[in-house]
Amino acid sequence: SKDVSPLKFYEYLATGKPIVSTREPLQVADFSDVVYVASGMEEFLAKCAQALSESEPQRLHNAKKRMEYGRRCSWDERVKQMEQALSDRGIF
């Protein structure tokens with residue numbers, strides 16, 4: 001389903017490892033700067049090869065960004081965002 005939150009995807013981001021994904025769920029597109037996104041089988045295989053051939057500087061840079069994205073999607077961060085939204089509305 002396109003409306004599903006990809007919880008495992010966020011866990012994968014937190015590892016910092018290269019990720020190859022299909023275009024579904026739609027949230028994957030939000031991370032296309034650090035995730036290899038493929039449309040079909042041939043492109044998926046090509047993206048896997050590309051992910052495996054990241055240079056050392058690129059791998060380190062992307063790993064840091066992936067882990068930061070993973071942190072931003074953590075449950076702790078989500079609760080902070082909800083608390084802030086409730087506080088901004090005078091509810092909390």
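In this report, a residue is called buried when its relative accessible area is under 20%, exposed when that area is over 50%, and partly exposed in between, using a 1.4 Å probe and counting protein chains only. By that rule, Glu56 is partly exposed, because its relative accessibility is 43%.

The structure above is a predicted model, in which local features need pLDDT of at least 70 and side-chain atom pairs count only at pLDDT 80 or more, while totals for chains, interfaces and linings use all residues. Residues are numbered from 1 along each chain as its sequence is written, and side-chain values use heavy atoms, with hydrogens and water left out.

## Helix α1 and its buried side

Helices (H or I, at least four residues) and strands (E, at least two) are DSSP runs, numbered from the N terminus. Let's begin with helix α1, which covers residues 7-15 and has Phe9, Tyr10 and Leu13 as its buried residues. They sit on the same side of α1, because they cover an arc of only 100° around the axis. That arc is taken from the directions from the helix axis to the C-beta atoms.

What do the buried residues of α1 pack against? Their partners are β1 (19-22), β2 (35-38), α3 (56-72) and α4. Contact here means heavy atoms within 4.5 Å. Just after α1 comes Gly16, which takes a positive phi of about 80°.

## Aromatic rings

A pair of aromatic rings is described by the distance of the centres and the angle of the planes. Rings of Phe, Tyr and Trp (its six-membered ring) pair if their centres lie within 6.5 Å; planes under 30 degrees apart count as stacked, over 60 as edge-to-face and the rest as tilted. Across the whole structure, a search finds 4 aromatic pairs. One of them joins Phe9 and Tyr10, with 5.9 Å centre to centre and 65° between the planes, an edge-to-face arrangement. Phe9 counts as buried because its relative accessibility is 7%, and Tyr10 counts as buried at 11%.

Why is the pair of Tyr10 and Phe31 edge-to-face? The ring centres of Tyr10 and Phe31 are 6.2 Å apart and the planes stand at 75°, so the pair falls in that class. This pair links distant parts of the chain, since Tyr10 is in helix α1 and Phe31 is in the loop between β1 and β2, 21 residues apart. Both Tyr10 and Phe31 are buried. Together, Phe9, Tyr10, Phe31 and Tyr69 form one aromatic cluster.

## Salt bridges

A salt bridge is a side-chain nitrogen of Lys or Arg within 4 Å of a carboxyl oxygen of Asp or Glu. How many salt bridges does a search of the whole structure find? The search finds 6, and the table shows some of them.

| Residue pair | N to O distance |
|---|---|
| Lys65 and Asp33 | 2.7 Å |
| Glu56 and Arg59 | 2.9 Å |
| Glu68 and Arg72 | 3.3 Å |

The salt bridge of Lys65 with Asp33 links distant parts of the chain: Lys65 is in helix α3 and Asp33 is in the loop between β1 and β2, 32 residues apart. Lys65 is partly exposed because its relative accessibility is 28%, and Asp33 is partly exposed at 39%.

Glu56 and Arg59 both lie in helix α3, 3 residues apart, about one turn of the helix. Arg59 counts as partly exposed, with 33% relative accessibility.

Glu68 and Arg72 also lie in helix α3, 4 residues apart, again about one turn of the helix. Glu68 is partly exposed, with a relative accessible area of 29%, and Arg72 is partly exposed at 47%. Salt bridges that share partners join Glu68, Arg71 and Arg72 into one network.

Now look at Lys47, in helix α2 (residues 41-52). Leaving aside neighbours within four places in sequence, Lys47 is in contact with Val20, Tyr36, Val37 and Ala38. Between Lys47 and Ser87 there are 43 Å in space, C-alpha to C-alpha, and the two are 40 residues apart in sequence.

Finally, which residues make a nonpolar surface patch of about 340 Å²? They are Leu86, Ile91 and Phe92. Patches are made of residues with over 30% relative accessible area and no salt bridge, where like charges are joined within 9 Å and nonpolar side chains (Val, Leu, Ile, Met, Phe, Trp, Tyr) within 5 Å. The accessible areas come from the Shrake-Rupley method with a 1.4 Å probe, and for residues only the protein chains shown count as cover. Phe92 is in the segment after α4 (75-88), and Phe92 is exposed because its relative accessible area is 63%.
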